[in-house]
Every structure is written in structure tokens, then in C-alpha cells.
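The following paragraphs lead through a protein model, from its overall make-up to individual positions.

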Amino acid sequence: MAEQDSPEKRGRLSRPLVLRAAVALVDREGLGALTMRRLAAELGVESMALYRYTPGKEGLLDGLVEAYFAEVNTRLRISSGADDHEPEWRRELRRIARAFAAVAHAHPEILPLVATRPLAVPVARRPAPVLDLTEHILSVLVRAGFDDASALTVYRTFVAWNLGSLLVDKRQVVDNPDDPDPVLRLGLHRLPAAEYPRLRSMVPRFADFDDDREMLDGLDSLLNGVPEPLLDSFYGDGTS
């Protein structure tokens with residue numbers, strides 16, 4: 001047995017520790033760097049030691065999604081919503097959106113996995129952190145007075161906007177981060193002005209993009225079109 005794969009080292013391993021190391025590796029070097037062998041080397045063990053905690057590379061990718069949602073849930077437990085006069089269900093959706101965006105900004109390489117991998121897994125087999133957040137959102141909506149069908153519609157609309165806006169934001173790739181000219185910084189000088197006049201004219205907006213504000217403004221626009229539930233017990237004005 002190799003010294004680095006001693007029983008003492010294996011005894012210190014756990015699934016959360018393995019996933020934290022995987023997240024750190026992906027944050028630092030991208031998804032392409034993540035292999036069972038490379039992760040084992042990061043942890044100072046042999047590759048086979050990891051199979052106790054994840055069935056392989058595909059399971060490891062699912063584990064990244066699990067870790068992402070676990071971090072979102074942790075942020076929600078330690079944060080509080082803004083004190084305003086909106087219904088509490090809307091305040092809570094905004095708080096969730098902010099937490100989700102914060103984790104996306106911290107781990108941008110994992111975000112595409114969050115948008116795609118759960119689709120291949122039946123709901124009942126998704127990781128507990130994913131189910132916990134889903135349950136929380138649906139519970140907030142049902143307690144606010146939405147019936148089950150309406151709550152599910154609002155939930156799906158919220159998730160679609162949240163993920164979609166973050167994925168679009170992450171595609172605002174900077175071509176040359178050190179160039180002070182926004183056209184050159186974003187690489188839009190490569191687009192012929194005669195063919196793409198609108199894109200070129202919107203350079204200042206691309207350069208000054210406030211992702212948090214844009215995401216929340218868009219969410220507000222969507223929620224403004226949602227009829228209030230018949231019985232909303234969560235208004236901030238004390239009515240019930």
C-alpha cells in the first residue's frame with residue numbers, strides 16, 4: 001500500500017471533503033482538470049480511495065451540483081431578506097435569487113452543470129440539497145396562498161429566469177480585460193459595424209452591465225405579471 005493512501009489518510013476522507021476539494025479544483029483550473037486521478041492527488045490518496053464516496057467521474061459531476069445547492073442553502077440560512085412592503089413570498093424569491101447568483105459568481109464553471117445535469121435525474125433521486133431548495137420555494141408559495149398548480153407555475157417561471165439570466169450573464173466574456181476601451185475590452189471591434197449596428201451601439205451597456213440589478217429587475221418584471229394569491233398571509237403590512 002502506498003504511504004499516501006494509508007488508512008489514516010483514508011479515514012480523514014468524507015463525501016463533503018471530497019466534494020469541497022472537487023469544487024476548489026474546478027474553481028481554480030476549470031472542469032477540464034477534474035478527473036478522479038487528479039482529485040485523488042489533490043487529496044493525497046490513491047484514486048480507488050475516492051470510489052467509496054463517488055461512483056466515478058459522472059457521479060463527481062453530480063456531486064458538484066450537490067455542493068452548489070448546499071452552498072445556496074447555507075447562504076439562505078445565514079442571510080435575511082430586505083425589510084420592505086412587498087409580500088413576503090416575493091421578498092423570499094428575491095433573497096433566493098441573490099443567494100443563487102452569489103454562488104454562481106463564486107463557482108462559474110459549475111453553473112452549466114446546475115442547469116443541465118438535474119434534467120437527467122428523476123426528481124426523487126436528486127441530491128438532498130436540490131430537493132431542499134425546491135421544497136422551500138414551493139412551501140413559501142403555498143403558505144402565501146397559491147394553490148398547487150399556481151405555485152408550480154411560479155416556481156418554474158422563477159427557476160427558468162434565475163438560471164437563464166445567470167447563464168446569459170456568464171456569456172458576457174471579456175476579450176481583453178486590461179484594455180480601457182469597452183469596444184476592445186469586449187472584443188466587439190471584431191464585429192463589422194455595418195453588419196451589427198445594434199450590438200456595436202450597445203457597447204456602453206455591455207461594459208457597464210450590472211448583473212445583480214439586471215437579474216432582479218427582470219425577476220420583478222416577471223413577478224409583476226403573477227396574480228396575487230387569494231389568501232396572502234405574508235404581506236409585510238401585518239395583514240393575514
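At what angle do helix 2 and helix 4 pack, and how far apart are their axes? The model is a predicted one, in which local features need pLDDT of at least 70, side-chain atom pairs count only at pLDDT 80 or more, and totals for chains, interfaces and linings use all residues. Residues are numbered from 1 along each chain as its sequence is written, and side-chain values use heavy atoms, with hydrogens and water left out.

Helix 2 (residues 15-29) packs against helix 4 (residues 57-78) at about 95°, and the two axes are 9 Å apart. Here the axes are lines fitted to C-alpha atoms, for helices over the stretch in contact, and angles run from 0 to 180 degrees between N-to-C directions. Helix 2 and helix 4 are therefore roughly perpendicular to each other, a term that covers 65 to 115 degrees, whereas angles under 35 count as roughly parallel, over 145 as roughly antiparallel and the rest as oblique. Helix 2 contributes Arg 15, Val 18, Leu 19, Ala 22, Val 23 and Val 26 to the contact, and helix 4 contributes Leu 60, Gly 63, Leu 64, Glu 66 and Ala 67; contact means heavy atoms within 4.5 Å. By class, the residues of this contact are 8 nonpolar, 1 polar and 2 charged. In that division Ala, Val, Leu, Ile, Met, Phe, Trp, Tyr, Cys and Pro are nonpolar, Asp, Glu, Lys and Arg are charged, and the others, Gly among them, are polar.

The chain as a whole provides the setting for this packing. The protein chain has 12 helices and 0 strands, where helices (H or I, at least four residues) and strands (E, at least two) are DSSP runs numbered from the N terminus. Of the 240 residues in the protein chain, 38% are buried; buried means under 20% relative accessible area, exposed over 50%, and partly exposed in between (1.4 Å probe, protein chains only). Among contacts in the protein chain with a separation of 6 or more, 66% are between residues 24 or more positions apart. The accessible surface of the protein chain is about 13700 Å², with 55% belonging to carbon and sulfur atoms; such areas come from the Shrake-Rupley method with a 1.4 Å probe, and for residues only the protein chains shown count as cover.

Aromatic residues come next. The structure holds 4 aromatic pairs, and ring pairs link Tyr 68, Phe 69 and Phe 100 into a cluster. Rings of Phe, Tyr and Trp (its six-membered ring) pair if their centres lie within 6.5 Å.

Which residues does Val 114 contact, leaving aside its neighbours within four places in sequence? Val 114, in helix 6 (residues 111-116), is in contact with Val 65, Tyr 68, Phe 69, Phe 100 and Leu 163. Val 114 is buried, with a relative accessible area of 4%. Its C-alpha atom is 8.3 Å from that of Leu 64, although 50 residues separate Val 114 and Leu 64 along the chain.

Leu 133, in helix 7 (residues 128-144), is also in contact with Phe 69 and Phe 100. Leu 133 counts as buried because its relative accessibility is 5%.

Two charged residues complete the picture. Glu 92 lies in helix 5 (residues 88-106) and counts as buried at 11% relative accessibility; apart from residues up to four places away in sequence, Glu 92 touches His 136 and Val 140. Arg 75, in helix 4, is partly exposed, with a relative accessible area of 32%. Leaving aside neighbours within four places in sequence, Arg 75 is in contact with Ala 99, Ala 102 and Val 103.

Definitions and conventions. Phe/Tyr/Trp six-rings, centres within 6.5 Å; stacked < 30°, edge-to-face > 60°.
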